[in-house]
Amino acid sequence: MADITIYHGSPYIVKTPDISKSRYDTDFGRGFYCTCDAELAKEWACDERRSGYINSYTIDTSNLRILDLHDEIYSPLNWLALLVNNRAVRVRTPLQRRAIEWLKNEYLVDVDKFDIVVGYRADDSYFSIVRAFVMNSISLEQLTQALHLGGWGEQFVIKSKKAYSLIHYLKSVPVDHKVYYPKRKKRNDDASGAFLQMMDEADTDGIYIRDLLK
């Protein structure tokens, strides 16, 4: 990577991203969440009743430390460990509690060592995959397959002050929720339907969280 264009979908115009306004309880912790896909950013900018903006920026990544969770040295379990570390997971059974602690102990990556994190985006529907895996309902193989079901997209997350300082604002363009919310909903519904269908297909030879804990 070098000088690239990134997009942030938001209800607001964001000319100067501010790390102090970011939340801790997001996929990869505090950061400025963007994507390299302009169409996805437009979908993320809207909800059912409210339009928004696609904010465009460039950033020079040539001297930044980038954690790319798609790299072959990482597995879906690294992504999963980050999610259960940063987002609230309702624990209902001792198995779930053990699974979450095991994921954190064995697969959690220290994102604070990096300037940028690249990985799958986990919206509420995507997070159902996480719950299914830690509940022993789907196998590791099914988890990996599920990550590719819906085209939910890839997040490009600015983490460090150094990376924030290299963001160059380009423009903000209005996004009509009447156009892009239906696209967002269809993407979500298609992925959820595919996931439910996969849940009905038992993976009798797969590796489940209970096996990994052993």
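In this predicted model, Glu39 comes out as partly exposed, because its relative accessibility is 35%. Its partner is Lys42: the two form a salt bridge, with the closest N and O atoms 3.2 Å apart.

Glu43 meets Arg187 in a salt bridge, at 2.8 Å from N to O. Since Glu43 belongs to helix 1 and Arg187 to helix 7 (residues 177-199), this pair ties together parts that lie 144 residues apart in sequence. Glu43 is buried, with a relative accessibility of 4%, whereas Arg187 is partly exposed at 25%.

Helix 7 holds a pair of its own. Lys185 and Asp189 join in a salt bridge at 2.7 Å, N to O, and they are four residues apart in helix 7, again about one turn. Lys185 is partly exposed at 40% relative accessible area, and so is Asp189 at 38%. Across the whole structure, a search turns up seven salt bridges.

Then there is the packing of helices. Helix 2 (residues 76-86) packs on helix 3 (residues 94-107) at about 120 degrees, their axes 9 Å apart, which makes helix 2 oblique to helix 3. The crossing is left-handed. Helix 2 brings Leu77, Asn78, Leu80, Ala81, Val84 and Asn85 to the contact, while helix 3 brings Ile100, Trp102, Leu103, Lys104 and Tyr107. By class, that gives eight nonpolar, two polar and one charged residues.

Notes:
Residues are numbered from 1 along each chain as its sequence is written. This is a predicted model: local features need pLDDT of at least 70, side-chain atom pairs count only at pLDDT 80 or more; totals for chains, interfaces and linings use all residues. Side-chain values use heavy atoms; hydrogens and water are left out. Axes are lines fitted to C-alpha atoms, for helices over the stretch in contact, and angles run from 0 to 180 degrees between N-to-C directions. Helices (H or I, at least four residues) and strands (E, at least two) are DSSP runs, numbered from the N terminus. Angles under 35 degrees count as roughly parallel, over 145 as roughly antiparallel, 65 to 115 as roughly perpendicular and the rest as oblique. A crossing is left-handed if the near helix is turned anticlockwise from the far one by less than a right angle, and right-handed if clockwise. Contact means heavy atoms within 4.5 Å. Ala, Val, Leu, Ile, Met, Phe, Trp, Tyr, Cys and Pro count as nonpolar, Asp, Glu, Lys and Arg as charged, and the others, Gly among them, as polar. A salt bridge is a side-chain nitrogen of Lys or Arg within 4 Å of a carboxyl oxygen of Asp or Glu. Buried means under 20% relative accessible area, exposed over 50%, partly exposed in between (1.4 Å probe, protein chains only).
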